[in-house]
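Trainee: Can we go through this one together? I'd like to start with how the chains meet.
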Amino acid sequence: MFDLSAPQRQSKKVILVYLLKNIRGLILLTLYALFGMQAWSNFYISLGFTVFFGFVSLISPVLQYLFFTFHVEGDELIIHKGWLFKERKAIPLDRVQSININENVVQRFLNIVSVELETAGSKKKELEIPGLEREVAQELKRQLALKPNTETIETLKIAGDQEPIESVNNRSNLILQLGILDLLKVGITQNHLRSGGLALGVLFGFWYNIKDAVESYFGNPFENWDEDLEQYVTTHAYDYSDIIITGLAGFVFFLFISVIISLLTTINQYYGFQLIKDHDHIELKMGLFNRREIKVPISKIQILEFHSNPLRKLLGYQTARVFQAQSQDDKLSAVSIPACKPEMRAILQELIFNETVASTYEDVPAYKWSYVRLSFYIAICILAPFLVMSIYFNHYEFIVAIALVILLILGLSYKYGASCSIARDDTFMIFKKGWIFPRTIITPIYKAQAVEKWRSIFIKRRKQAHLKMHTASGSRQLKYLPEPVICKLNNVINNRVIQSTESWM
Amino acid sequence: MTNDKIQATELPSIEQSTFEKHPKRFLNKKLIAKVVFFIPLLIGIVVTSFFIELDGFLTYTLSAWFVLFLCLLAVSYKEFFVRGYVLREHDITYKRGWLFHHQITVPFNRIQHTDINHGPIDRWFNLCELEIFTAGGSSSDLSISGLDPDDASRIKKYISSKTAQHV
């Protein structure tokens, strides 16, 4: 029923998706034209533009649909698209790393999905088939994912290797499933300051966009707020406790909103979270409004990270993040698995790297005082102007404040430095860093692509250096380690990589 | 079949190898490039001093220019002597930088492809740049500038013969 050898079009419903996208753009454009381009007084020009854009946005979805085809030729997936600018994309099937199925609200309503292919060397958005029937997408995914898989099994058989590979690998089983209670816990333990900050950012961005329009109609509402405030302060008797109470109330309100936002975004993002092992892939399904299905080949996974924060530590939860080989150091495309209990940690390691971290040796802590020193220099450089100013204006109480800030920074960096350490066992490198937001980075030694030792001239005489390990999914580094240790680790990693014959990506 | 036991301490280490130096004309190129970069700055200072009438503007800016110029020249000069590369049987190591010293090792079986670049100034000095690309992000890519073109093509050939064995 579904033949990949001949060019295939998408589902016809995709026209609607394209259309909606265009209409959204059109509305924005109209708004902009209404508010922003008042100088364009000529009615006919505006009318002409409107008609032209209207026509284009109605016709182009159909053309987009007609000119978008995909098929498999040999071992390449070929996508043709474009009407004015024709594009032909050929993707070698064995380069396809992960196949993601996404579904936003509109697509869900129409019962179609978009298929996204990720390769090691491409920008993410480029290889997207935006509208396929669900069954077709599943079939496509199956066919694309199976290709390299069958090959390896065959070659293994030819090589006379043992059979049980199939029985081990062909199991597809559920590893982790999160219920609504887990999601609530994850939401509650999010970094609320960050989500509140994000919300504020979005709010300000939105305000900045519509500011001109609002001002042109209503004038600037904040035009003389400083005078208003002054008036308020002079007319009402006030003391410091008022200000403190207002500030506290504002902060509590901000926290409250932030918690709500983190809860909502968490549930939207991770609703119905499932982690499944399927042959030699792991598959993740999640999302409430925008449903996502991500399929990642296990062999392409380079780094496994565990993040935490103070709230999550209380619950014993960690967030696992899986990094696969890719061309840019894009943190967003990493797959994250929320709510990992300690026992999940071992399971994930076993699943992804076929081995868990055994007892580590060469546990080397970083020089914590070096972290303190660095942040002291930076803090002094930034705060020196304030210090000079406060002395110049005879406001000596500010010196105390500055000193307190510096002490706080130093204390934090001391704790950060004290938490940094590097360790290894026979197969893994383990980086640990962070005190408030602890982070454990685990990567198999043979996955390294290059090792780097670097130092500034200021730490040369202290015999310290930084170790940086480059993998196909970005670099991880640990600073301020004893130089002999780094040299030794460099050699160990390098020799291991040279000896390894396993495919690393 | 042989499969001798190897002690961990007997495994080769990078520190034992001696690093190859770049040709001396690379230093000349670096210094001349610095001078060429700083002359427009000098002209800019002199020209603005005609418009700004402040006492001692010219002397202060000129001395600042001179100090900066000397510092950067000194850094370039120093840098040349810590630069170097080692080709071993299975990997290439490159070290560079005086203020910030980096030493990076890339095994041949992780190299995707190599490239040789000749810029106009490079060509004038008969130099070229060898670029070594690995998979994934660009962070582990290696570019060795200031090589003799013959050396560079020899290294390139050597590396590609080594990588071909692995792929």
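Mentor: 29 residues of chain A are in contact with 24 residues of chain B, contact meaning that C-beta atoms, placed from the backbone, lie within 7 Å. This is a predicted model: local features need pLDDT of at least 70, side-chain atom pairs count only at pLDDT 80 or more, and totals for chains, interfaces and linings use all residues. Residues are numbered from 1 along each chain as its sequence is written, while chains are lettered from A and ligands numbered from 1 in the order in which they are written.

Trainee: Which element gives the largest share of the chain A side that touches chain B?
Mentor: β19(A), with eight residues. The elements giving two or more residues to that side are β19 (448-456), β20 (464-471), β21 (474-482) and α14 (483-499) of chain A. Helices (H or I, at least four residues) and strands (E, at least two) are DSSP runs, numbered from the N terminus.

Trainee: And by class?
Mentor: The chain A side that touches chain B has 11 nonpolar, 14 polar and four charged residues. Ala, Val, Leu, Ile, Met, Phe, Trp, Tyr, Cys and Pro count as nonpolar, Asp, Glu, Lys and Arg as charged, and the others, Gly among them, as polar.

Trainee: How many bridges join β19(A) to β3 of chain B?
Mentor: Six, and the strands run antiparallel; β3 covers residues 100-107 of chain B. Val451(A) stands opposite Thr105(B) there. Strands pair if DSSP finds at least two bridges between them.

Trainee: Switching to the open sheet in chain A, what is the strand order?
Mentor: β14-β13-β12-β18-β17-β16-β15, seven strands with antiparallel pairing. The edge strands, β14 (335-340) and β15 (361-365) of chain A, each pair on one side only. Inside the sheet, β16 (421-424) and β17 (428-433) of chain A pair over four bridges, with Arg424(A) opposite Met429(A).

Trainee: Now helices. At what angle do α6 and α9 of chain A cross?
Mentor: Roughly 135 degrees, and the axes of α6 (180-188) and α9 (240-270) of chain A come within 8 Å. Axes are lines fitted to C-alpha atoms, for helices over the stretch in contact, and angles run from 0 to 180 degrees between N-to-C directions.

Trainee: So which residues make that contact?
Mentor: Leu183(A), Val186(A), Gly187(A) and Ile188(A) of α6(A), and Ser262(A), Leu263(A), Thr266(A), Ile267(A) and Tyr270(A) of α9(A). That contact has six nonpolar, three polar and no charged residues.

Trainee: Last one: where is Ala64(B)?
Mentor: In helix α2 (residues 57-82) of chain B. The C-alpha atoms of Ala64(B) and Ser13(B) are separated by 45 Å, and the two residues are 51 apart along the chain.

Notes: Two residues are in contact if their C-beta atoms, placed from the backbone, lie within 7 Å.
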